[in-house]
Amino acid sequence: MNDIKFEDLNLSKCADGLLPVIVQDAVSMKVLMLGYMNREAFEKTMATGKVTFFSRTRNQLWTKGETSGNFLNVEEVYLDCDGDTLLVKAHPVGPTCHRGTESCFDTPSEEGFIRKLSALIQQRHKEMPENSYTTRLFIKGVKKIAQKVGEEAVESAIEAVDGNRPRFIYEAADLLYHYLVLLEQMGCDLTDIEKELLFRHS
């Protein structure tokens, strides 16, 4: 977790001394919610690793999940350029919104799912659960996984040439899944690919 102190914050523009806090899913990058922190809420968040807000309606501290169990476990905290807003990257335990939805914002449900799938594949590789197709791929090793990537790439290309959009999407999904498995097998993830693409772009 970043070493940000309360003294680093600029509360001069914050009404009632409450700092706006944007919470983002650390894996999918989906924005989950907006809340507010005073000094006590900020320090409790940094000390416990669980997002704690100051409730303006109840006029008291409120640790997200203290009643529902749907905690927001902090990974990183970032301060914006003016020092008057925080971005918290967190791992949500269950739905974030009181409506039972992943986010308090009605963004598309598929947003960020590829990163969640990548994280699930990493978990499968670590735990190797029985009766899992992903586990069977890891057991068979890199040659089998690479073979599947090649097969799905060819099938995707065929559907593209044929102009069959629904079948192309279906095969492309298979290709992307197996490619994520291959990345994990090679000790890589999407961030490594993003860094390489950024390097080429710059």
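Reader: Hi! How does H4 pass H5, left-handed or right-handed?
Author: H4 crosses H5 in a left-handed way: the near helix is turned anticlockwise from the far one by less than a right angle, where clockwise would be right-handed. Helices here are DSSP runs of H or I with at least four residues, and strands are runs of E with at least two, numbered from the N terminus. This is a predicted model, in which local features need pLDDT of at least 70 and side-chain atom pairs count only at pLDDT 80 or more, while totals for chains, interfaces and linings use all residues. Residues are numbered from 1 along each chain as its sequence is written, and side-chain values use heavy atoms, leaving out hydrogens and water.

Reader: And at what angle do H4 and H5 pack?
Author: About 155°, with the axes of H4 (residues 142–162) and H5 (residues 165–185) 8 Å apart. The axes are lines fitted to C-alpha atoms over the stretch in contact, with angles from 0 to 180 degrees between N-to-C directions. So H4 is roughly antiparallel to H5, a label for angles over 145 degrees.

Reader: Is Ser-156 buried or exposed?
Author: Ser-156, part of helix H4, is buried at 4% relative accessibility; the cut-off is under 20%, with exposed over 50% and partly exposed in between (1.4 Å probe, protein chains only).

Reader: What does Ser-156 touch?
Author: Beyond neighbours within four places in sequence, Ser-156 contacts Phe-168, Glu-171, Ala-172 and Leu-175, contact meaning heavy atoms within 4.5 Å.

Reader: New topic: what order do the strands of the sheet take?
Author: S2-S1-S6-S5, four strands in an open sheet with mixed pairing. Pairing needs at least two DSSP bridges.

Terms used. Parallel < 35°, antiparallel > 145°, perpendicular 65-115°, else oblique.
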